[in-house]
Amino acid sequence: PPTVPLRYLVYDSIAFLSGVTAVLPNLEDQMADILPRIQGSLTDAGTSWDKAVKVSFYLHRSQKLETLKKLFEVTVKVKVPQIEYIFVDGYSSEGKLIEVEVTAET
């Protein structure tokens with residue numbers, strides 16, 4: 001049977017969200033799909049972007065960091081204390097360009 005990954009885990013007062021990806025035509029479309037799903041997971045975990053303490057972006061090497069930063073800033077209007085950007089060569093499925101992981105206080 002298919003395995004469904006855990007969307008989030010709350011441990012003590014911290015919510016750890018699983019990495020979120022999408023297979024869509026471009027980075028803009030993928031971010032437009034991923035960020036609302038992260039918002040839903042944050043809400044389900046009893047937290048929000050306002051309480052995010054770390055966001056990790058795993059960006060495919062073919063993409064521009066400046067584009068990612070703009071897409072994130074347009075959608076998420078809060079200042080996250082720690083943001084990390086890691087370039088990767090590939091994912092489990094062809095076409096994935098980004099994976100986003102979030103850690104937040106509850």
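Which residues in the largest nonpolar core touch the most other members? I found Met 31, Ile 38, Trp 49, Phe 72, Ile 98, Val 100 and Val 102, out of 27 residues in this core. I took a nonpolar core as a set of buried Ala, Val, Leu, Ile, Met, Phe, Trp, Tyr and Cys residues joined through side-chain atoms within 4.5 Å, with buried meaning under 20% relative accessible area (1.4 Å probe, protein chains only). The elements giving two or more residues to this core are strand S2 (14–17), H1, strand S3 (52–60), H2 and strand S5 (98–105). H1 supplies the largest share, six residues. Helices (H or I, at least four residues) and strands (E, at least two) are DSSP runs, numbered from the N terminus.

I noted that the model is predicted: local features need pLDDT of at least 70, side-chain atom pairs count only at pLDDT 80 or more, and totals for chains, interfaces and linings use all residues. Residues are numbered from 1 along each chain as its sequence is written, and side-chain values use heavy atoms, with hydrogens and water left out.

I then followed Ile 38. Not counting residues up to four places away in sequence, Ile 38 touches Leu 17, Val 20, Trp 49, Val 100 and Val 102; contact means heavy atoms within 4.5 Å.

I next looked up Leu 71, which lies in helix H2 (residues 65–75). Leaving aside neighbours within four places in sequence, Leu 71 is in contact with Leu 27, Glu 28, Met 31 and Leu 35. The C-alpha atoms of Leu 71 and Leu 97 are separated by 13 Å.

How values were computed:
Buried < 20%, exposed > 50% of the residue type's maximum accessible area, 1.4 Å probe, protein only.
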